[in-house]
There are 2 protein chains.
Amino acid sequence: MDRSGGRARHSGDLIAALSGRNLAHNLHSDVLWDLGFAIVSGQYAQGSILPPDTELLDQFRVSRTVLREALKTLAAKGLIEARARIGTRVLPRNRWNLFDADVLAWHFELGPEVSFLQSLAEVRIGIEIEAAALAAERRTEEQAKLLMAAVDRMASARTPEEFARHDLEFHKAVADASANPFMASISALVEMALTAAFTISSPVNEPEALTQTVAVHRAIAQAIVDKSSQGAREAMRIAIAEGFARAAGRMESVDP
Amino acid sequence: MDRSGGRARHSGDLIAALSGRNLAHNLHSDVLWDLGFAIVSGQYAQGSILPPDTELLDQFRVSRTVLREALKTLAAKGLIEARARIGTRVLPRNRWNLFDADVLAWHFELGPEVSFLQSLAEVRIGIEIEAAALAAERRTEEQAKLLMAAVDRMASARTPEEFARHDLEFHKAVADASANPFMASISALVEMALTAAFTISSPVNEPEALTQTVAVHRAIAQAIVDKSSQGAREAMRIAIAEGFARAAGRMESVDP
DNA sequence: GCCGCCATTATTGTCATACTTATTCGACTG
DNA sequence: CAGTCGAATAAGTATGACAATAATGGCGGC
């Protein structure tokens, strides 16, 4: 059969693997990722109509069941909308659920542009600043300890992956301490942003950058421990802005 | 056949109808909403296992195709995860995509609690404050006009629905002017928050509240027109906080 | 000759059933 | 007692037929 025994895996798998998701590898997810990426990358333009079922069926060499489940998944994420006799239309981007982990991953798969990273940093600033402020008001003693511990682990990280993991852990702890379910739900966003940023440039390789990054994160933790919401806000803003600036700077110097 | 020709529609349909979505009514979406609501309402606890396919099949009296597509949709929204030999597990809430319009709608369907509205207001503050600030920096003349026009329409609204529609239009215009795709993508959230808030209490019925609300929104628009990002931030915070406070106050006085 | 209605037809939606694969649990064996 | 192998169970996949829906073009009436 021609199910192409060794279709090259997507680069996005690196991100997925790092974040411990996407363990299963079934046909449906193959089709899903191919189509999802094709749409996000503009291969199928917004507002255009996808090829009809029969054609896609032929293209992917899978059963109708598999194809339709993949399409339903895309529909659930707001990328497409199917209507009888019309076809399956690619929705305009403002209907896409950009906060979905997969949709985000597809964006990163075609080389994250600086402008995209910037947009991401902007929402993160909005959300995480509030999360930090709320955490400062509501954190328990337990949560305070966890935060400090995460910072310590960041400081002693030896590899970029290790650093990224503890950084993520820190931001999740902040979201958790905010006692706002939306903040926790957003961590997919943070995850992507962090892994992307560290794929481009990890502070681990630059001693002074590492010191700096750890210091800022410690400032956030300290402000939360001190129940200073304003302090937490300011420190968080700096942390995100610096992270983005480092990644952006690196990208521009490499890729004029 | 027993496909229960007249299953009572969900109350959430009010919200869906107001927002112009969910036009299609196919079997799949019926099952989806039933299951989605059951999960969100805690009828199937987090971490528990749903009944196996065969049982659900029997319960809903639909084909396997329909059931499985509904489950795939739920999986796409992060509510469940299927594994062979184990069953379909309800994921912990922090894996749910709370920014998904449907997931949000299911939350509102079981009577929005004050704490939930508050969480919603908190993220909105985080996101929309940044959106307003960015809009102030980047708005075009065109967008500035649209903003002002939206405020005028809010001021002259006669019915709660009309007011809500123009209010939403205003917030969308701000997101649009921010030139950040994530901000636009979040409007489902705003939509829900606004329709929910106005279902509880519309300023239209209280003259001084109306004047107040319009004034705050005009302040946001003016700040954006003046390219004052700090002014836009402060005005937006007030707008959201007041909207929440009014709804919360109303709820408590009615429902001790 | 123009307008509106209806049949055609293309496309998604639904159904039923059979078969395949993965994973756990438990028994069996070394 | 530990490791392996097998059976049972649940999801995953395949296939073919039929139903519902809605553009489109042709037909008939005005």
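Colleague: How do the residues of the surface near DNA strand C divide by class, and what makes a residue near?
Modeller: A residue is near a strand if its C-beta atom, placed from the backbone, lies within 6 Å of it. The surface near DNA strand C divides into 8 nonpolar, 6 polar and 5 charged residues, where Ala, Val, Leu, Ile, Met, Phe, Trp, Tyr, Cys and Pro count as nonpolar, Asp, Glu, Lys and Arg as charged, and the others, Gly among them, as polar. This is a predicted model, in which local features need pLDDT of at least 70 and side-chain atom pairs count only at pLDDT 80 or more, while totals for chains, interfaces and linings use all residues. Residues are numbered from 1 along each chain as its sequence is written, and chains are lettered from A and ligands numbered from 1 in the order in which they are written.

Colleague: Which residues are closest to DNA strand C, and which element supplies the largest share of that surface?
Modeller: Of the 19 residues that surround DNA strand C, the closest are Pro52(A), Asn26(B), Leu27(B), Ser63(B) and Arg85(B). Helix 4 of chain B supplies the largest share, 3 residues; helices (H or I, at least four residues) and strands (E, at least two) are DSSP runs, numbered from the N terminus. At least two residues each come from strand 2 (87-90) of chain A and from helix 2 (27-40) and helix 4 (64-76) of chain B.

Colleague: Why does Ala179(A) count as partly exposed?
Modeller: Ala179(A) has 19 C-beta neighbours inside 10 Å, so it counts as partly exposed. Ala179(A) sits in the loop between helix 8 and helix 9 of chain A, and its phi, near 60°, is a positive value in a residue other than glycine.

Colleague: And why is Ala175(A) called buried?
Modeller: Ala175(A) is buried because 25 other C-beta atoms lie within 10 Å. Ala175(A) belongs to helix 8 (residues 160-177) of chain A. Two residues are in contact if their C-beta atoms, placed from the backbone, lie within 7 Å, and, leaving aside neighbours within four places in sequence, Ala175(A) is in contact with Ala131(A), Met183(A), Ala184(A), Ile186(A) and Ser187(A).

Colleague: What makes helix 5 of chain B mostly covered?
Modeller: In helix 5 (residues 101-109) of chain B, 8 of its 9 residues are buried, among them Trp106(B), His107(B) and Phe108(B). Helix 5 of chain B is followed by Gly111(B), with a positive phi near 70°.

Colleague: How do you know that chain A and chain B are related by a two-fold axis?
Modeller: A rotation of 180° with 0.0 Å of shift along its axis superposes chain A on chain B, with an RMSD of 0.1 Å, and that is the relation of a two-fold axis. The superposition is by least squares on the C-alpha atoms of residues with pLDDT of at least 70 in both copies. In chain A, the C-alpha nearest the axis is that of Gly126(A), 2.3 Å from it.

Colleague: How many residues of the two chains are in contact?
Modeller: In chain A, 28 residues are in contact with 28 residues of chain B. Helix 6 of chain A gives the largest share of the side of chain A that touches chain B, 9 residues.

Colleague: Where in chain A does pLDDT stay under 50?
Modeller: With pLDDT being the predictor's confidence in each residue, from 0 to 100, the value stays under 50 over residues 1-20 of chain A. Where pLDDT is low, the predicted coordinates should not be read in detail. The mean pLDDT of chain A is 88, and 89% of its residues reach 70 or more.

Methods: A residue is buried if 20 or more other C-beta atoms lie within 10 Å of its own, exposed if 12 or fewer, and partly exposed in between; C-beta atoms are placed from the backbone.
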